[in-house]
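Please read the questions and answers below alongside the sequence and the three-dimensional view. They are written for a reader who is new to this structure.

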Amino acid sequence: MGAGSAAGVAAIAAATAATAYYLHELAWNAFGPDPNQADPRSLALWKTITYRVVSASRVLTLTWLLTGSPAVSGAYVVINTVLDAAIYYGNDLAWARFGPPVEHLGH
């Protein structure tokens, strides 16, 4: 893979990751519990789990398209899911503690 192809893959990965995250957060704000009244640890856990499903599906699709190998794609998704879940959970807890109050759209 040349530098141009690698840059294209990186751009697609970044764009799809940003889009998936944004849509996930919009859905939680619209349909999830009020973050100002929910237990931050429980909320962070459920948001992490649902986001991991969204993200793992995105990563599996992209890696399978790029490699053509379901085995390589599956292994990458497992590693990526474990690492990203830990990062997402920590970020969500930090946001709940240090971020501004969130206006809940669904209630």
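Q: Where does Pro-35 lie?
A: This is a predicted model, in which local features need pLDDT of at least 70 and side-chain atom pairs count only at pLDDT 80 or more, while totals for chains, interfaces and linings use all residues. Residues are numbered from 1 along each chain as its sequence is written, and side-chain values use heavy atoms, with hydrogens and water left out. Helices (H or I, at least four residues) and strands (E, at least two) are DSSP runs, numbered from the N terminus. In these terms, Pro-35 lies in the loop between helix 1 and helix 2.

Q: Is Pro-35 buried or partly exposed?
A: Buried means under 20% relative accessible area, exposed over 50%, and partly exposed in between (1.4 Å probe, protein chains only). The relative accessible area of Pro-35 is 24%, so this residue is partly exposed.

Q: How many Å apart in space are Pro-35 and Glu-103, C-alpha to C-alpha?
A: In sequence, Pro-35 and Glu-103 are 68 residues apart. In space, their C-alpha to C-alpha distance is 8.4 Å.

Q: Which pattern does the protein chain follow along the sequence?
A: The protein chain has three helices and zero strands. Its C-alpha trace spans about 50 × 25 × 25 Å along the principal axes. Read along the sequence, the pattern is α-α-α.

Q: How many Å does helix 3 reach from its first C-alpha to its last?
A: The expected span of a helix is 1.5 Å times one less than its number of residues. Helix 3 (residues 70-98) has 29 residues, for which 42 Å is expected. From its first C-alpha to its last, helix 3 reaches a value close to this, 40 Å.

Q: Why does Ser-73 count as buried?
A: Ser-73 is found in helix 3, where Val-77, Asn-80, Tyr-88 and Asp-92 are buried too. Ser-73 counts as buried because its relative accessibility is 0%.

Q: With which side chain does the side chain of Ser-73 make a polar contact?
A: A polar contact is a pair of N or O atoms within 3.5 Å; within protein, one must be able to donate a hydrogen and the other to accept it, and residues adjacent in sequence count only if both atoms are side-chain atoms. At 3.4 Å, the partner of the Ser-73 side chain is the side chain of Thr-67.

Q: Is Ala-86 buried or exposed?
A: Ala-86 lies in helix 3. With a relative accessibility of 54%, Ala-86 counts as exposed.

Q: What is the phi of Gly-68, the residue that follows helix 2?
A: Helix 2 has 28 residues and reaches 38 Å, close to the expected 40 Å. Its buried residues include Leu-43, Tyr-51 and Val-59. After helix 2 comes Gly-68, with a positive phi near 75°.

Q: How much space lies in the largest pocket?
A: On a 1 Å grid over the protein atoms alone, a pocket is an open set of points where a 1.4 Å probe fits, with protein on both sides within 12 Å along at least five of seven lines; lining residues have an atom within 4 Å of a point. Grid points are joined across faces, edges and corners, and a volume is the space filled by probe spheres set on the points. For the largest pocket this space is about 340 Å³.

Q: Which residues lie nearest the centre of the largest pocket?
A: The elements that give two or more residues to the lining are helix 1 (3-31), helix 2 (40-67) and helix 3. The lining has 16 residues, and those nearest the centre are Pro-35, Leu-43, Trp-95, Ala-96 and Val-102.
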